[in-house]
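My notes follow in the order I worked.

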Amino acid sequence: MPRHAAYVPQGVIPAVLLPFDNDLAIDEVNFRKHLRDVAAVEGISAITINAHSTEVASCSFEEQRRVLEIAQDEIGARLPLINGIWADGSVEAARIAKMAAQGGASALLVFPPAPFTLGQSPAMALAHFKRIADATDLPLIVFQYPLATGQGYPKDTLLKMCEEVPSIRAIKDWIGNVPHHEWHVRTLQTLPRPVNVLTTHSSWLLPSLVLGCNGVLSGSGSVIADLQAQLFRAVRKNDLAEAKRLNDRIEPTARVFYADPFVDMHNRMKEALVLLGKLPRAAVRPPLVKLERAEIMRIRQALIEAGLLDKNARDAA
């Protein structure tokens, strides 16, 4: 059963990775270890699963159910679980939502349907979210993509969604435009029924947080949740010197994780966890492919610059 429908997504929320065996089956043993490692970080408020970071696009419905079962068993008593809703159609999205609610999720992160790349209307966006909201009373997080993708929701559409779907309690903001991002923060968080802005602008996290976001929801939290939690606290305390110090440590990881091609970001994070001795392998499902050694060495150097890996480990493994 759900932890509680009154949960409001906020704070530092890492999106964990999903380890695979060499045969590309879910590596349940190391997934459990990864969950425990991230959940042990002081200052995080929830964990996200079945999202980009867990390569959800390559996971079947049953695999997504199993991911939730494992997370619920391993850390569900300690932290709220946010379950991603990745589906091209609203009926399937509602089916996943029901599964997640039955499996103990505390909130749902709703990805935009892929057909929206060909165009959308406010009525379509509302129909999608209302179908999901009718399936469960869990809080919904709107994943706000850049408008150029076609999958982002224009301002008027987003306001209409927040007004007509009361279970929308937050957005995961990837709008990629600073003035538009600031509009989200100023407008959504001051609505009569506030909607929290959870930034996922991980490549420019400090300026994003300074604008007043009420949280962070990021795949890089699978590697640097502690630095994100410290940065979030420093910004909340208006401690600019500490925030800049932490940002200087985060910057090398952001530089390598979010390099082109962007789709490899979580592939790179898996390699980082291998370098840190936290995963045995960085297997990814096609169409993703194993990174070249030169890129892995750049990730190693970034971890050293961030103070996460001893410089003497530069040539190890």
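Which elements each supply at least two residues of the lining of the largest pocket? I found β8 (215-218) and α10 (265-275). I keep in mind that this is a predicted model.

Entry, largest pocket. I noted a volume of about 680 Å³. The lining has 34 residues, and I listed those closest to the pocket centre as His52, Phe262, Val263, Met265 and His266. By class, I have 19 nonpolar, 12 polar and 3 charged residues in this lining.

Entry, second largest pocket. I put its space at about 160 Å³. I counted 13 lining residues, with Val41, Ser222, Val223, Asp226 and Lys278 closest to the centre. At least two lining residues come from each of α1 (28-39) and α8 (221-236). I marked α8 as the element that gives the most, with 5 residues. The lining splits into 7 nonpolar, 3 polar and 3 charged residues.

Entry, helix packing. I took helix α2 (residues 61-75) and helix α3 (residues 90-102), whose axes come within 10 Å and cross at roughly 25°. I recorded the crossing of α2 and α3 as right-handed. On the α2 side, I found Phe61, Gln64, Arg65 and Leu68 in the contact. The α3 side brings Glu92, Arg95, Ile96, Met99 and Ala100. By class, I have 5 nonpolar, 1 polar and 3 charged residues in the contact of α2 with α3.

Notes
Residues are numbered from 1 along each chain as its sequence is written. This is a predicted model: local features need pLDDT of at least 70, side-chain atom pairs count only at pLDDT 80 or more; totals for chains, interfaces and linings use all residues. Side-chain values use heavy atoms; hydrogens and water are left out. Axes are lines fitted to C-alpha atoms, for helices over the stretch in contact, and angles run from 0 to 180 degrees between N-to-C directions. Helices (H or I, at least four residues) and strands (E, at least two) are DSSP runs, numbered from the N terminus. A crossing is left-handed if the near helix is turned anticlockwise from the far one by less than a right angle, and right-handed if clockwise. Contact means heavy atoms within 4.5 Å. Ala, Val, Leu, Ile, Met, Phe, Trp, Tyr, Cys and Pro count as nonpolar, Asp, Glu, Lys and Arg as charged, and the others, Gly among them, as polar. On a 1 Å grid over the protein atoms alone, a cavity is a set of points where a 1.4 Å probe fits but cannot get out, and a pocket is an open set with protein on both sides within 12 Å along at least five of seven lines; lining residues have an atom within 4 Å of a point. Grid points are joined across faces, edges and corners, and a volume is the space filled by probe spheres set on the points.
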